[in-house]
Amino acid sequence: MLLHLLGTAAYEGIPSLFCRCTLCQQARKLKGKDIRTRTSVVIDHELKIDFPPDTLLHMLRDDLDLEEIQDLLITHSHSDHLYAEDLEARLPGYAQSGEEPIHIYAHDMPLARIRERVGQTSKYVLHRVQLFVPTVTQTATVVALPAYHMDEETCLLYWIEKNGHSVLHAHDSGWFPDETWSWLEQQGREGNRLSAAILECTMGNDPDSGTHMNAAEVFKTKERLIACEAADPHTVFIVTHFCHNAHLTHQELCHLFEPQGIRVAYDSMKVQL
């Protein structure tokens, strides 16, 4: 399984629009891995998680063929995770796209946003996921789990099983809800082990993390996943979704996470499981 991390920033990107904070000014000078676009992941060229406003840039920069995407999983409706306007670009009159639909999996609010933009079309098939219920997609089996992110919407984490590997995609979320932990612990009891866990660290070292994670919570999440045997020493842990307001360069993030056995993601990073 190939994990391709297209973007690794939170909503603002790094450097952020209009911002002159210390980190944004450092990123403009350092460039390279300190330039971060809005978060998305592609698995094996065919399953994409989230559709941010930087998708066109990702396609151009990483030489992606979006017509290879069969499944699109949406975590929630915030614009850095779902820029539904750009889904219109696959419709007749905008593109000479393939006849096969892209299947989109999400909860209520993202689906409503997508319907509003693309209407009734054969280019997309929309699926409402049910929490904790395995869904067989075109390319994988996915289970939607509740995130702790906002009250007005059901935000999702995803457990993805594909070709003998399991991946937990876990952002945007603060400390996972109890029912999510119960489900993950059940996987451990049943002998289901994660090949990789993609966690978020929007807040850096900020002790007031709330509906996103800070570094301390990332460490606790890794420890608990291993303790409940949903993960083991062979699981690849990756941290992503960084905010410029955390004021940590890529190198500083590496110093923070690598001693704990956690890889720091950067834009265009590829991980072969």
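These notebook entries record what I looked up in a predicted model.

**Conventions.** I number residues from 1 along each chain as its sequence is written, and I use heavy atoms for side-chain values, leaving out hydrogens and water. Because the model is predicted, local features need pLDDT of at least 70 and side-chain atom pairs count only at pLDDT 80 or more, whereas totals for chains, interfaces and linings use all residues.

**Entry 1: helix 4.** Helix 4 covers residues 178–189, 12 residues in total, and its first and last C-alpha atoms are 16 Å apart, close to the 16 Å expected at 1.5 Å a residue; the expected span is 1.5 Å times one less than the number of residues.

I then asked which residues of helix 4 are buried. They are T180, W181, W183, L184, Q187 and G188 (buried is under 20% relative accessible area, exposed over 50%, partly exposed in between, with a 1.4 Å probe and protein chains only). These residues lie on the same side of helix 4 because they cover an arc of only 160° around the axis, the arc being that of the directions from the helix axis to the C-beta atoms. On the face turned away from this buried side I found the exposed residues D178 and R189.

The buried residues of helix 4 pack against strand 8 (141–146), strand 9 (156–162), strand 10 (165–170) and helix 5 (215–227); contact means heavy atoms within 4.5 Å. After helix 4 comes G191, with a positive phi near 85°.

**Entry 2: T135.** I located T135 in strand 7 (residues 135–136). Its relative accessible area is 18%, so T135 is buried. Leaving aside residues up to four places away in sequence, I list Y105, A140, T141 and V142 as touching T135.

**Entry 3: largest pocket.** I took a pocket as an open set of points on a 1 Å grid over the protein atoms alone, where a 1.4 Å probe fits, with protein on both sides within 12 Å along at least five of seven lines; lining residues have an atom within 4 Å of a point. The largest pocket holds about 350 Å³, a volume being the space filled by probe spheres set on the points, which are joined across faces, edges and corners. Of its 17 lining residues, F51, L66, D86, A89 and R90 are closest to the centre. Helix 2 (residues 55–62) contributes the most to this lining, with 3 residues.

Technical notes:
Helices (H or I, at least four residues) and strands (E, at least two) are DSSP runs, numbered from the N terminus.
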